[in-house]
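Please keep the sequence and the coordinates at hand while reading.

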Amino acid sequence: MLQPPPPPCTQPGNVSGVGWAVTGGLSLQLADPHLCLCVPPQMANAVTSLCCVVLAAVVVVFAQKRSLQGARVQYERMGSDVTMQCGTLEADASVTWKVNGTDVKAQRVEQGSRLILKQVDLSSSGLYSCFQDPGGERRDQINLRVGTPPKDPVVMCRSNTYPKGFYCSWHLQHLTYIPTEFEVQVKHNQRSLDVQRDPIHKNRCNVKFPELFSTFKYRVNVTAINALGQASTIISFDEFNIVKPDPPEKVVATPIPNNVRRLEVTWSSPSTWPDVENFPLKYFLRYRPLIREQWQHVELSDSTSHTITDAYAGKEYIIQVAAKDMEIGTWSDWSVAVHATPWIDEPRQSTSTTEAEVVIETTPSAAPPSAKPQLSVPVDSCCTLAGSSLLLLASTLLSVV
């Protein structure tokens, strides 16, 4: 039951005890029955229009969802001819068809209570409604979904948490355009293993190793299923062939003070590798200056650091690290690349040629002064020359007197 509108708000933002929004002469009920939204009169028209637009959109969305809930779903293969029957009406009943509320414009044949669409494609999908003539009463709704049956999924299995377990992931190379589910079965030594769907990755499952160092192969069967068909892929593998760690983490490269050709590189083993002490990893380091395309490589046992000693002075380097179990499996992908430049010496203060000449000229010498003009005369020399000129002038004056 609607509550009566409150007294008009006198100031924007006033709160009354009922759930109405007052916009000039318009009152709208709010979701919270304890709020009153007051809008200045000059904004009433704009707010009213906005409210109407929002309300209309909500009504349309709600109506569409409600219609879809009451409609039956019909899946059909792309490129086929599709027949839709209007409920339980007789074959010769007079019927009008609509799709998403508008006239059906696709290539079609109407035969009494049946609608036949020719060579449907993705644009043919929609909500089809049929109305019985002459009264126009709606008799049925069909949610037509056009798609394709699945093809063989691509399946890959890998152990990045050895020896705890492994995971398998899968995907379809081609879209089906309709809901498609996957069934997964894993067997080892003729025994079915427990398969746990991954909570984060959609098309992925986790399996624990039932035993280690087994000579029996694992067999994984992934089946893609939708309303139009199904397809399966089966793979088998040995335990040691799927071991592949994640890349090393926290790779850091730093210059070594006063060493212009060295870089210190450190990293951590992947956090997903559960037991690095009993199942140690070895590492592969690669580096190159940005000015060259060729990589240099260093393979290390179980160390998580290395000093590059042959770097070009002053050149920026790009560095990456990979990891692998000591005995089995394959190398991980490369780590995130890091950049570093070896230590660069600070420039030393050098004595200029002009300063050297100044030192030579201001040093007392028995040699006669040069008659050549100086490009720059030192301050002390200027004072000395000026003093000598004054003494000469004074001597001349005294001799005249």
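In this predicted model, 5 strands make up an open sheet of mixed pairing, in the order β4-β11-β10-β6-β7. The edge positions belong to β4 (72-77) and β7 (102-103), and each of these has a single partner strand, so one side of each is left without a neighbour in the sheet. Strands of a sheet pair through backbone hydrogen bonds, and the pairing may be parallel or antiparallel. For β6 and β7 the sense is antiparallel, and the pairing extends over 2 bridges. Within this part of the sheet, Lys-98 stands opposite Asp-103 of β7.

A disulfide is a covalent bond between the sulfur atoms of two cysteines. How many disulfides does a search of the whole structure find? The search finds 2. One of them is formed by Cys-86 and Cys-130, with the sulfur atoms 2.0 Å apart. The torsion about the S-S bond of Cys-86 and Cys-130 is about 80°, so this disulfide is right-handed. The pair links distant parts of the chain, 44 residues apart: Cys-86 belongs to the loop between β5 (82-85) and β6 (95-99), whereas Cys-130 is found in strand β10 (residues 126-132). Strand β10 is also a member of the open sheet described above. Cys-86 counts as buried because its relative accessibility is 0%. Cys-130 is likewise buried, with a relative accessible area of 0%.

A disulfide is also formed by Cys-157 and Cys-168, whose sulfur atoms are 2.0 Å apart. The link between Cys-157 and Cys-168 is right-handed, with 105° about the S-S bond. Cys-157 lies in strand β12 (residues 154-158) and Cys-168 in strand β13 (residues 165-171), so the pair ties together parts that are 11 residues apart in sequence. Is Cys-157 buried or exposed? A residue counts as buried when its relative accessible area is under 20%; Cys-157, at 10%, is therefore buried. Cys-168 is buried as well, with a relative accessible area of 0%.

A further cysteine deserves attention at this point. Cys-205 is in no disulfide, and the nearest cysteine sulfur, which belongs to Cys-168, is 5.0 Å away. A disulfide requires sulfur atoms within 2.5 Å. Cys-205 has a relative accessibility of 0% and therefore counts as buried.

The chain has 401 residues, of which 32% are buried. Among the contacts in the chain with a separation of 6 or more, 57% are between residues 24 or more positions apart.

The surface provides the last stop. Which residues form a nonpolar patch there? The patch consists of Met-78, Leu-122, Leu-175 and Tyr-177, which together have about 390 Å² of accessible area. Tyr-177 is placed in the loop between β13 and β14 (181-188). With a relative accessibility of 42%, Tyr-177 counts as partly exposed, because this class lies between the buried limit of under 20% and the exposed limit of over 50%.

Terms used:
Residues are numbered from 1 along each chain as its sequence is written. This is a predicted model: local features need pLDDT of at least 70, side-chain atom pairs count only at pLDDT 80 or more; totals for chains, interfaces and linings use all residues. Side-chain values use heavy atoms; hydrogens and water are left out. Helices (H or I, at least four residues) and strands (E, at least two) are DSSP runs, numbered from the N terminus. Buried means under 20% relative accessible area, exposed over 50%, partly exposed in between (1.4 Å probe, protein chains only). Two strands pair if DSSP finds at least two bridges between them. Contact means heavy atoms within 4.5 Å. Patches are made of residues with over 30% relative accessible area and no salt bridge: like charges are joined within 9 Å, nonpolar side chains (Val, Leu, Ile, Met, Phe, Trp, Tyr) within 5 Å. Accessible areas come from the Shrake-Rupley method with a 1.4 Å probe; for residues, only the protein chains shown count as cover. A salt bridge is a side-chain nitrogen of Lys or Arg within 4 Å of a carboxyl oxygen of Asp or Glu.
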